[in-house]
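How do you read a fold one feature at a time?

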Amino acid sequence: MIVKIQKADEVADFTSYLSDIDNIFFESSAKRDFCNEEEKQSFREMSLGRYIVRHRDSFFVALDDAGRAVGYLAGCLENPTKLDHFNDIAYFQYIDDICQNYPAHLHVNIAGRYRNRGLGTTLVERFAELAKLHSVEGIQVVTSSASRSIPFYRRLGFRELRTFPWMSVTSVCMGRKL
């Protein structure tokens, strides 16, 4: 398995990978049932689309040797509570104070058959390196308290900063100082 990690703004014809990225996004999501296509696209926009459009310079894609996207990290180096295009994500209200010291945030997803091969680690480390280059103090991620990703983030040096209720589950904000 040969996989190359690239920043989206450095990938020629990045838009040709969006179908693969969408498939990975929905395959990895805990939310699988949607009332209609509009609800599905709204969900995509909240957790993926805005990063592709507005934060492509901190979006990484993992490409296999056949040139298919097999994973991605959607990141933002700025404090989301200071950006209008994140105002609709209610959970940022619960972690407003945390975002001051951990402004950069991310979502990482890997295609099922490529998991447990180090791709997620590589993507997070590349994002952390980029954040350091931009003098960002810390990075954070929000996930479900029942998520299989919590041990993954712990291994990468993230620690649990706060739990809070969101969308009928308990969510966890985890952060890592850089």
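What follows is a chat about the sheet, the charged pairs and the aromatic rings of this predicted model.

Q: Let's begin with the sheet. How many strands are there, and in what order do they sit?

A: The general idea is that strands of a sheet pair through backbone hydrogen bonds, either parallel or antiparallel. Here 7 strands make an open sheet with mixed pairing, and the order across it is S1-S2-S3-S4-S5-S7-S6.

Q: Which strands are at the edges?

A: S1 and S6, each of which pairs on one side only. As you step across the sheet, neighbouring strands are turned against each other by 25° on average, direction ignored.

Q: Can we zoom in on one pairing? In which sense do S4 and S5 pair, parallel or antiparallel?

A: S4 and strand S5 (residues 138–144) run in the parallel sense, paired over 2 bridges. To find the spot in your viewer, look for Ala104, which stands opposite Ile139 in S5.

Q: And the helices: which strands does H1 touch?

A: H1 packs on the sheet and touches S2, S3 (69–76) and S4, with its direction at about 80° to that of S3. H2 lies across S2, S3, S4 and S6, and runs at about 85° to S3.

Q: Now the charges. How many salt bridges turn up in the whole structure?

A: The general idea first: side chains of opposite charge can pair when their charged atoms come close. A search of the whole structure turns up 10 salt bridges. One of them joins Arg44 and Asp22, at 2.6 Å from N to O.

Q: What does Glu27 pair with?

A: Glu27 forms a salt bridge with Arg115, and their closest N and O atoms are 3.8 Å apart. Glu27 lies in helix H1, while Arg115 lies in the loop between strand S4 (104–110) and helix H5 (119–133), so the pair ties together parts that are 88 residues apart in sequence. Glu27 is partly exposed, at 35% relative accessible area, and Arg115 is partly exposed too, at 25%.

Q: Which residue forms a salt bridge with Asp97?

A: That would be Arg162, with the closest N and O atoms 2.8 Å apart. Asp97 is in helix H4 (residues 96–101) and Arg162 in strand S6 (residues 159–166), and the pair links these distant parts of the chain across 65 residues. Asp97 counts as partly exposed at 43% relative accessibility, and Arg162 counts as partly exposed at 27%.

Q: On to the rings. How many aromatic pairs does the structure hold?

A: There are 13 aromatic pairs. To read one, check the distance between ring centres and then the angle between planes: over 60 degrees counts as edge-to-face. The rings of Phe14 and Phe59 have centres 5.6 Å apart and planes at 75°, so they are edge-to-face.

Q: Where do Phe14 and Phe59 sit?

A: Phe14 is in the loop between strand S1 (3–7) and helix H1 (18–28), Phe59 is in strand S2 (residues 59–64), and the pair links these distant parts, 45 residues apart. Phe14 is buried at 3% relative accessibility, and Phe59 is buried at 0%.

Q: What kind of pair do Phe152 and Tyr153 form?

A: An edge-to-face one, with 5.0 Å from centre to centre and 65° between the planes. Phe152 counts as buried at 16% relative accessibility, and Tyr153 is buried at 3%.

Q: Which residues form one aromatic cluster?

A: Tyr51, Phe86, Tyr91, Phe92, Tyr94 and Phe164.

Q: What about a charge over a ring: which ring does the charged end of Lys40 sit over?

A: The ring of Phe26, with the charged end 4.7 Å from the ring centre. Arg117 lies over the face of Tyr114, at 5.3 Å from the ring centre.

Q: One last stop, at the start of the chain. Is Ile2 buried or exposed?

A: Ile2, in the segment before S1, is exposed, with a relative accessible area of 59%. Leaving aside neighbours within four places in sequence, Ile2 is in contact with Leu63, Asp64 and Asp65.

Terms used: Residues numbered from 1 in each chain as written. Predicted model: local features only at pLDDT ≥ 70, side-chain atom pairs only at ≥ 80, totals over all residues. Heavy atoms only, no water. Phe/Tyr/Trp six-rings, centres within 6.5 Å; stacked < 30°, edge-to-face > 60°. Helix = DSSP H or I, 4+ residues; strand = E, 2+ residues; numbered from the N terminus. Buried < 20%, exposed > 50% of the residue type's maximum accessible area, 1.4 Å probe, protein only. Lys NZ or Arg CZ within 6 Å of the ring centre and 35° of its normal. Salt bridge = Lys/Arg side-chain N within 4 Å of Asp/Glu carboxyl O. Pairing = 2+ DSSP bridges. Axes fitted to C-alpha atoms, helices over the stretch in contact; angles between N-to-C directions. Contact = heavy atoms within 4.5 Å.
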